[in-house]
Amino acid sequence: MRVLSLFDGISCGRVALERADIPVDMYVSSEIDKYAIQIAQKNYPDIVQIGDITNVCFSEYAGEIDLIIGGSPCQGFSTAGQGLNFDDPRSKLFFEFVRAIKIIKPKYFLLENVKMKKEWQDIISEQLGVAPVEINSALVSAQNRVRLYWTNIPFDKNIEDRKIYLKDILLQDATTDREKSHAIIGSVARTTP
């Protein structure tokens, strides 16, 4: 699978593909946060970093990408935000996702975002040509996180509740693990320029 991940963060898309046993032949990342990039590169040195999505020449990847994934910034759509929708410059970056799809024409795409007002959701649906599927992460993890997913990937929308609760993921020996975490963070901080 040849993947372009937009708004890639620390490349959790790569982790998800790995956990789903989907082999990745090429993983191209558009991300601007230098710390997220450092973590992604440490975990996956083969990731091709292409920087700011607004400066990417997507025609270089036309016919080369099987899957485009991303979670465009949600600040304009979130109920915790000011409700600026596409007037928020961060949420307007969604249209860069659309630009990538139109130019590259991948076989598959997957966009994730927060639950939002229906009129904003409809704009995204119109641009992508599919309606979103609403999924609460509580079905498969120990968090209550409702999200919308727009995709052309066929899948069973009847997701079984795995009944995972916070107690299921808490560390048995939190003190020892906390000390290990601090040691790891300290080590990364010392090696980060």
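**The sheet and its surroundings**

Author: In this predicted model, strand E5 (residues 108-114) and strand E7 (residues 146-151) pair in the antiparallel sense, with five bridges between them. Within this pairing, Leu-111 has Trp-150 of E7 opposite. E7 is also joined to strand E6 (residues 133-136), by four bridges, and these two strands run antiparallel as well. Here Asn-136 has Val-146 in E7 as its bridge partner.

These pairings belong to an open sheet of seven strands, whose order is E3-E2-E1-E4-E5-E7-E6 and whose pairing is mixed. E3 and E6 stand at the edges; each has a single partner strand, so one side of each is left without a neighbour in the sheet. Elsewhere in the sheet, E1 and strand E2 (residues 26-30) run parallel and are joined by five bridges. In that pair, Ser-5 stands opposite Ser-29 in E2. As a general point, the side chains of a regular strand alternate between the two faces of the sheet.

The sheet may now be placed in the chain as a whole. The protein chain contains six helices and seven strands. Along the sequence they follow the pattern β-α-β-α-β-β-α-β-α-β-β-α-α. Among contacts between residues at least 6 apart in sequence, 59% join residues at least 24 apart. Of the 193 residues of the chain, 33% count as buried.

H1 lies across E1, E2 and E4, and it runs at about 155° to E2.

The nonpolar residues come next. The largest nonpolar core has 26 residues, and Leu-6, Ile-68, Phe-97 and Leu-128 are those with the most contacts inside it. At least two residues of this core are supplied by each of strand E1 (2-6), helix H3 (94-104), E5, helix H4 (118-128) and E7. The largest share, six residues, comes from H3. Ile-68 illustrates the contacts: leaving aside residues up to four places away in sequence, Ile-68 touches Leu-4, Leu-6, Phe-97, Ala-100, Ile-101, Ile-104, Pro-106, Tyr-108, Phe-109 and Leu-110. Another core, of eight residues, lies apart from the largest one and includes Tyr-27, Ala-40, Tyr-44 and Ile-69.

Charged side chains supply a further set of links. Side chains of opposite charge can pair when their charged atoms come close. The structure holds nine salt bridges. One of them joins the side chains of Arg-2 and Glu-64, at 3.9 Å from N to O. This pair links distant parts of the chain, 62 residues apart: Arg-2 belongs to strand E1, whereas Glu-64 lies in the loop between strand E3 (48-49) and strand E4 (67-70). Arg-2 has a relative accessible area of 27% and is therefore partly exposed. Glu-64, at 37% relative accessibility, counts as partly exposed too. Arg-2 and Glu-64 are linked with Asp-66 in a network of salt bridges.

A second salt bridge brings together the side chains of Arg-14 and Asp-46, at 3.0 Å from N to O. This pair likewise links distant parts of the chain, 32 residues apart, with Arg-14 in helix H1 (residues 12-19) and Asp-46 in the loop between helix H2 (34-43) and E3. Arg-14 is buried, because its relative accessible area is 9% and the term buried applies under 20%. Asp-46, by contrast, is partly exposed, with a relative accessible area of 45%.

Glu-96 counts as buried at 18% relative accessibility, whereas Arg-99, at 26%, counts as partly exposed.

Finally, the cysteines deserve a word. A disulfide is a covalent bond between the sulfur atoms of two cysteines. The structure holds zero disulfides. Cys-12 counts as partly exposed, at 49% relative accessibility, and Cys-57 also counts as partly exposed, at 40%.

Terms used
Residues are numbered from 1 along each chain as its sequence is written. This is a predicted model: local features need pLDDT of at least 70, side-chain atom pairs count only at pLDDT 80 or more; totals for chains, interfaces and linings use all residues. Side-chain values use heavy atoms; hydrogens and water are left out. A disulfide is a pair of cysteine sulfur atoms within 2.5 Å. Buried means under 20% relative accessible area, exposed over 50%, partly exposed in between (1.4 Å probe, protein chains only). Two strands pair if DSSP finds at least two bridges between them. A nonpolar core is a set of buried Ala, Val, Leu, Ile, Met, Phe, Trp, Tyr and Cys residues joined through side-chain atoms within 4.5 Å. Contact means heavy atoms within 4.5 Å. A salt bridge is a side-chain nitrogen of Lys or Arg within 4 Å of a carboxyl oxygen of Asp or Glu. Axes are lines fitted to C-alpha atoms, for helices over the stretch in contact, and angles run from 0 to 180 degrees between N-to-C directions.
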